[in-house]
Amino acid sequence: MREEIVSELRSIVGEDWVITGEDRIQGYLYDETPPPMLPEASKDVAVVKPRNAEEVSEILKLANRYGLPVFPRGGGTGLVGACVPTMSGIILSLERMNIIKVDRENLMAEAEAGATLADLLKAAEDVGLFFPPHPGDEGAHIGGLLACNAGGARAVKTGVIRNYVKGVEVVLPTGEILTLGGKLVKNNAGYDLMHLIIGSEGTLGVITKAWIRLYPREAVNATIVIPFEDREMALKTVPAIFQEGLMPLAIEYVEKSLVEKTAQHLGLTWPCRDGDHQLILILAEASEAALYEACEKIVNICEKMGSLEPLVAESRGEQERILKIRSEIYSFLKPNLVDILDTTVPPAQLLELIKAVEELGRKYNTYLPVFGHVGDGNLHIHLMREDGWTKEDYDRLRDEVYRKAIELGGTITGEHGIGYIRRRSLEKYIDKKALELMRAIKRIFDPNNILNPDKVFP
Amino acid sequence: MGRGFRIVVLIKQVPDIEKVKFDFEVGRIDRSSAPAETNPFDLHALEAAVRLKEKFGGLVTAISMGPKQAESSLREALARGADHAILLTDARFAGADTIATSRALAAAIKKLGEFDLILCGEKTVDGDTGQVGPEVAELLNVPHVAYVSEIREVAGDKIVVVSDMGDKYLCEVKLPALLTVTRELNAPRLPTLRDVLSARKKRIEIWDADALADYEDPNRFGINGSRTIVVKVVVPGTEKRKGIILRGGDAVEKLFNILEEGGFARP
């Protein structure tokens, strides 16, 4: 990168907050995408760490002047390479913007983009409030969570990240600072640009701050593990739970062998030894009476669906251990992983998708571990490394999964987004007109195509 | 032991110690700031009791001293395999130090009658003293082993255990006896949902100070019977990491000065 650009950047953010040099930028180049899928990052980049929206604005104006790509970066926990600098440019790390204020009266957090999910969970808890979703890695930044509209396990009862965001401060690629929404529960003034920004994966603007709805802490919660001999019965139990009027925070499906191996890898023990297929339910209720009433209903459903004996964890420690093991399946699989899919279908079609995946596993003679947020119809299918396979082999298999998902009324991605690695698939599976509109919107927001170019669109 | 093992497990309800806040003004834990849970060490004692019962047959009785809400920890014990639960609750038990607590628990065990083994956690996470177990054993005049990390063998009227006091000791103890156990002893199982629900309907016996009067003078319970008082509790504050950026020709010199001032380098 040209020295004059680096020195201009230094004059915007200060001497210490521009980093260059291959060894020092190393930690800013990639995310959690499985290495076989990762694009090669450009090493000709400067990492810039602004302190506020004004500095972000100056950086973007400069980038427009020089036609320099800018790659916004949060916690680097994404799974589709959305923050990888695929060409020479600026990595915009928002890590210094990490202040969270909680407005207890309005049940609203005002969080800067570089604060982590862990920070938000803690800030809410400190004042007796609660942020329900749990999109996996707590090192994720608020900006990133919004930019990719993260989902995760606890989305069944109250939805994905988008459902909690009531306002954002965003810096447009052309440098204007815009506040969309605020601490508002209702807002109907014109087109909802805020929701356009949420999920735009850093291509339409740099989110610098967000107003996020918090909830009163549910008085009691419990995590229930329901074992089944048979996968089909496990999955058929999910709609039965909803039909009984139960709305758990999360309903997860795991294969026992996989979750046991993950536990072992972490030096822990998975608490449920029965059945090869298990559902994990997280219940949160306003009172003990309501919780146990829900538990009674679950016992009845389990009896009807022929489950084995469900177990329940009530202490925080035991519940956290279960969630931790479940959350770490990905890191357990990662060394031999080629790709993690987050294909999503209408919840009642999930069984069909899983059967199709089993069939594909046989056809391609490969083990495809699956687990996922079955309450949302969101399934994580893992493509594992196979000796002698080429990139085309994986592409063909992935494409068959996608085709099946679309056929079932689903989508190729329910939560990870498109980023870099799913661009061709988006082009293939999304309506042509929709893609045309998306491209046109991108041009309006970012006429010089400086902000996270190379992402979302092929 | 033709009637199987009679085991008593001592249970304490404690605040969730990772969440609880400290009230600096009154110098006490603010119990309302965190949910209550069963002392995690006690769950290992209960698990050991249930495993012995499963192997040799018998009866597990859980006893707790505390306010009425400690009932929920006893319900948990019932869900996890205890057969009976007794709550010692009375304003006259309140404010007890370890010896006054031990007197009440020992009196309750005497009232209960025969027993082969008493199990409890090595300590509670709120008090952290590790004294109540051994004190109860002394009051009952039975042998005791602390920090038991392994139960090797139960044969006739003897039990062979490993006590982990930094170094490990193999101990053979004559029954009846009391053991305090470490987390290494076992991994407590989760209760079944069904057992949790049925435990909610089970009866928990409530004993007050008068109920123990045949075994101990009620004036020796609670704050009256305590030999120690907590004058003040001090929790060390946490200091945040500081960062200083040094620049210019004298940066090294400045760095040395800072290290010297902090006592990290010799002048």
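Hi everyone. Let me start with a term we will need: a nonpolar core is a set of buried Ala, Val, Leu, Ile, Met, Phe, Trp, Tyr and Cys residues joined through C-beta atoms within 7 Å. Please keep in mind that what you see above is a predicted model.

With that term in hand, which residues touch the most other members of the largest nonpolar core? That core has 198 residues, and the ones that answer the question are A:Ile90, B:Val9, B:Ala104 and B:Leu119. Helix α1 of chain B gives the core its largest share, eight residues. As general background, nonpolar side chains in soluble globular proteins tend to be buried together.

Let's stay with B:Leu119 for a moment. Leaving out residues up to four places away in sequence, B:Leu119 touches B:Ile7, B:Val9, B:Ala45, B:Ala48, B:Ala49, B:Leu179 and B:Val181. The strands β1 (residues 5-11) and β8 (residues 117-121) of chain B run parallel and are joined by three bridges.

Now step back to the sheet around them. In chain B, nine strands form an open sheet with mixed pairing, in the order β11-β10-β9-β12-β8-β1-β6-β7-β13. At its edges are β11 (167-174) and β13 (205-207) of chain B, each pairing on one side only. Ignoring direction, neighbouring strands of this sheet are turned by 30 degrees against each other on average.

Helix α1 (residues 40-56) of chain B touches β1, β6, β8, β9 and β12 of chain B, and its direction makes about 170 degrees with that of β1(B). Helix α4 (residues 132-140) of chain B touches β8, β9 and β12 of chain B, at about 65 degrees to the direction of β9(B).

How does chain B look as a whole? Chain B has six helices and 13 strands. Its radius of gyration is 23 Å, well over the 18 Å that the globule rule gives for 267 residues, so chain B is more spread out than a compact globule. The C-alpha trace of chain B spans about 85 × 40 × 40 Å along its principal axes, and 40% of the residues of chain B count as buried.

Finally, a quick stop in chain A. Helix α8 (residues 256-265) of chain A has the buried residues A:Val259, A:Thr262 and A:Ala263. Those three cover an arc of only 100 degrees around the axis, which puts them on the same side of α8(A). They pack against β13 (250-255), α10 (316-327) and α11 (329-333) of chain A. Just after α8(A) comes A:Gly267, with a positive phi of about 75 degrees.

Conventions. Residues are numbered from 1 along each chain as its sequence is written. Chains are lettered from A and ligands numbered from 1 in the order in which they are written. This is a predicted model: local features need pLDDT of at least 70, side-chain atom pairs count only at pLDDT 80 or more; totals for chains, interfaces and linings use all residues. Two strands pair if DSSP finds at least two bridges between them. Helices (H or I, at least four residues) and strands (E, at least two) are DSSP runs, numbered from the N terminus. Axes are lines fitted to C-alpha atoms, for helices over the stretch in contact, and angles run from 0 to 180 degrees between N-to-C directions. Two residues are in contact if their C-beta atoms, placed from the backbone, lie within 7 Å. A residue is buried if 20 or more other C-beta atoms lie within 10 Å of its own, exposed if 12 or fewer, and partly exposed in between; C-beta atoms are placed from the backbone. The arc is that of the directions from the helix axis to the C-beta atoms. The radius of gyration is taken over C-alpha atoms; the globule rule is 2.2 Å times the number of residues to the power 0.38.
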